[in-house]
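Hello,

Here is the structure I promised to pass on to you. Please open it beside this email, and I will walk you through what turned up.

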Amino acid sequence: MSIAETTKKPGLSISGLNISFRNKDGWTSVVRNLGFDIAPGETVAIVGESGSGKSVTALSVLGLLPQQSTRIEGSIRLGDKELLSLSPKALKALRGNEIAMIFQEPMTSLNPTMCIGDQIAESIIAHRGISKAEAKVEAIRLMEKVHIPSAARRYGEYPHQFSGGMRQRVMIAIALACKPALLIADEPTTALDVTIQAQVLNLIKELQEEEGMAVLFITHDMGVVAEVADRMVVMYRGDVVEEGTTTEIFANARHPYTKALLSAVPQLGSMSGSSDPQPFAIYDINTGLAAEASVLKSTVDTSEILLDVKDLSVRFPVQQTILGKVTARVHAVENVSLTLARGETLAIVGESGSGKSTTGKLITGLLHPTAGKVEICGKPMRSDTRQSLSRSVQMIFQDPFASLNPRLTVGRAITEPLRIHKLATEKEQDEIAASLLTRVGLSPDIAKRYPHEFSGGQRQRICVARTLALKPSVIIADEAVSALDVSVKAQVVNLLLELQQEMQLGFIFISHDMAVVERISHRVAVMYLGEIVEIGPRAAIFSNPVHPYTRRLIEAVPVPDPSRRRDRHKIADSEIRSPVRPGDYVPPARSYREVSPGHLVQDAGPEWAA
Amino acid sequence: MFWFLRRGIASLVMLWVIVTLVFMSIHFVPGDPVELLLSQDGGSADPATVQMIREDLGLNRPIVEQYVEKLKGLASFDLGRSMVDDSSVSAEIARRLPRTLELIGLAALISLVIGIPAGIYAALHTGRTFDRVASYLAGFAQGIPVFVLGTLLILVFSQMLKLTSAGGFVAFSQAPGKHMGLLLMPSLSIGIGLAAIVFRITRASTLEVLPLDYVRTARAKGLGDRRIVLHHILRNALIPVITIFALQIGSLLGGTVLVEYVFNWPGLSGMLVSGVNARDYPTVTGVILVISALFIGLNFLVDVLYGLTDPRVRK
């Protein structure tokens, strides 16, 4: 346990907490009989999937749940203060002062019309009653403390001028403004890139040691838990199913749900020695026993190339002079070449702005390249062939809630591609919808229902069924499982693998999640600022990463094993750089060398010299 | 500054396009100004007299020549002289424009003072009595035509309560009190409908901002309700209000004619309508040009306001 200074700060103590929400049929219980303590300087993580009640618990501590429609019983104490019986005024004095919170979405958690510095300063003014000028000095000090470069200059800038990671630093600065006794961090790194996540976790730890505050960490990510938490509370649908020290639970989980949750977490490095994908073991939540995982046969047939991409580039002008001369461009994709064989899965990994999604869109023909060519099953994609080739390439998107039209029934949504390409009669469409739904593990009866009736995982299955309607040979999955809970993620990944077995599909699997990628891909391409910096067989990339960026990426992935916590001091505070370049920018000529058969690495440029 | 320059040039081009369109349309509309002028005395006009006056006004020259002449005049800020009574169009506009502007100005003020606070209050207390009553009233106020409301106001305040006269105009310099009294009723009849619109937009956009993450952040900071509403909600909620409000004000520039007629208020809209009736080309182009310039100016102002409220549009 890491307690640097145990000043007289109080700890948090929750007992017998019950929370219910009012809906039209009465009260629904969302948290039942929750209890745990956090000592000063200690970090406790509440772990669970969506609907487990973890965020609701956090909001109840701050008194931020809507009063009319919420019923809270039990006890939440900070030191010797009972928070549930505080007056609204006393609660207001407490928030941001003794208890502070950081939220999941750094992109929307800051007021877009107020400058960064003022948003930090107003919290200090509200609780300390000091002058504006003094608050400004203090705010700049806080910005420096959370490692925002040139803090004084950036005081007057606005949220849209900050990257996601920097915004989360600002949120942390706001939270720390009044040296709180308790910091609640609700999925603070879920929306961030993995290298930035490592930096932010690092920062929270560092500040906790300095301030000696208690930290309540809410997350679904076992890797993050292993990294930061001293103790953990596992919640499932409103109930605590297991509680204990992190080391203990990771080593010896007792409750079946915890076991299931832990086993669903892909572990980096667990796949060494195998070149084929491997399905996730699916655990029964009631028994904790693994279902028999099927052994996959190799699907790759290198004699048939489904996709051949050569020197693909796309640039978007972002700034022009009055005469239309481009002064800045986003070099979104730069000289990308790759191939995909029948039955093969090629993963494209990289962080925000790396061009991985743009590459996917170029391959499907949703975007037109500035240069280069895309060949699908040996036929070049041109304006006259795009329509017919699009049948062979289909796409699954990240957000299962936004990618289904709420006004189309499930059946109509699945068969829409058939209508667009005029491939089937109405009667045939109904049959196809039914058989596709069965194939993705759903009941054919749901074809008449609407998307809002289904969970995220079910919707993603519906999306998969839709992509299959045209019998494509290539499916591009753009972060297709990133928004799903761990257990659901495992199921959808397994479904994709099954489909590959049956139909010898080629997958382009675009993802930032290295652990999932390791599990399901045959080959991996690592993208950075629009370029492929390393590409090769999955085993080679993960066991022998050569390019400095690949190494950084793999190192930054949190390991779901508390005994292997990283040395925090090794993490550099570097930002992800931007692919926006001046108008006259000429991309440097890149050369690749072959490390081992099929494993190509870009010769690292001078920017990687350090 | 670069942006400013580009906007300026674009505005000038827009004005030129408007002048051209107005010039073309009024010239192609059937009806000759001179014949209309002379036929007012009854009977058909004497062709020789018509010919003479046409020559006098330059109407017999080729249309392109007239157009070039017009542009030259405009370039030196000369709007020409009325064909009806040979008075200076600029002078007449200068006399009438302030009256229309003060009418719109007061109406705008009334609508903002009522609409914004009421909209925010209703949004913060949705479903309560105030919200329901105010929303109902707003729907009602939006539905009443302005001339009906104006007539009603006259009926109640001047006929029944005898508080003010039914209409008319007195210069501010002669009798400030009377001037304001006469200004109030027409402003109210425009302002009430406008307040209903402002109320609705403010309410809707506040409701949209309320559940956003940064409002939750503000609450998590432990800020007071006043500060949360003023600094975090209002400023973001105002952006759509500015847009709609500016469009409404813009359309009022040439659209106060009904109110001007009901209250006998000698403003710009009335001048435009009589100008069109008499095919008085210089008056029509002059008034439309001034209205367009104001509209463009207003849009410019809106952009500046946008920049002040929303830092993301500043570049």
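Before the domains come up, one term: the domain bounds used here come from an automatic or database domain assignment. Please also keep in mind that this is a predicted model.

Let's begin with those domains. In chain A, the assignment gives domain 1 as residues 1-88 together with 182-254, and domain 2 as residues 107-177. Between the C-alpha centres of domain 1 and domain 2 of chain A there are 25 Å. Where they meet, 10 residues of domain 1 of chain A are in contact with 9 residues of domain 2 of chain A. On the domain 1 side of that meeting, helix H7 (residues 194-211) of chain A gives the largest share, with 6 residues. Sorted by class, this side of domain 1 of chain A has 9 nonpolar residues, 1 polar residue and no charged ones.

A glycine is worth a stop on the way. A:Gly11 sits in the segment before strand E1 (12-23) of chain A. Leaving aside residues up to four places away in sequence, A:Gly11 touches A:Asp37, A:Ile38, A:Ala39, A:Pro40 and A:Ala214. A:Gly41 is 30 residues from A:Gly11 in sequence, yet their C-alpha atoms are 8.5 Å apart in space.

- E22(A) runs antiparallel to strand E23 (residues 599-602) of chain A, with 4 bridges; A:Ser596 stands opposite A:His599 in E23(A).
- E20(A) and E23(A) are also an antiparallel pair, over 2 bridges, and A:Glu534 stands opposite A:Val601 in E23(A).
- Strand E19 (residues 523-528) of chain A pairs with E20(A) in the antiparallel sense over 6 bridges; A:Val524 has A:Gly536 in E20(A) as its bridge partner.

The hairpin of E19(A) and E20(A) has 2 residues between the strands, and A:Leu529 there takes a positive phi near 50 degrees. Why is strand E20 (residues 531-537) of chain A described as largely enclosed by the rest of the structure? The reason is that 6 of its 7 residues are buried.

Finally, chain B. The unreviewed UniProt entry lists "transmembrane region" for residues 12-29, 103-124, 136-160, 180-199, 237-263 and 283-308 of chain B. Two of these spans can be set beside the model. Residues 136-160 of chain B are 92% helix and 0% strand, with end C-alpha atoms 27 Å apart. For residues 237-263 of chain B, the span is 85% helix and 0% strand, and the end C-alpha atoms lie 35 Å apart.

Enjoy exploring it!

Best wishes

Key. Residues numbered from 1 in each chain as written. Chains lettered and ligands numbered in written order. Predicted model: local features only at pLDDT ≥ 70, side-chain atom pairs only at ≥ 80, totals over all residues. Contact = placed C-beta atoms within 7 Å. Pairing = 2+ DSSP bridges. Buried ≥ 20, exposed ≤ 12 C-beta atoms within 10 Å, placed from the backbone. Nonpolar A, V, L, I, M, F, W, Y, C, P; charged D, E, K, R; others polar. UniProt positions renumbered as here; feature names shortened; annotations may be inferred.
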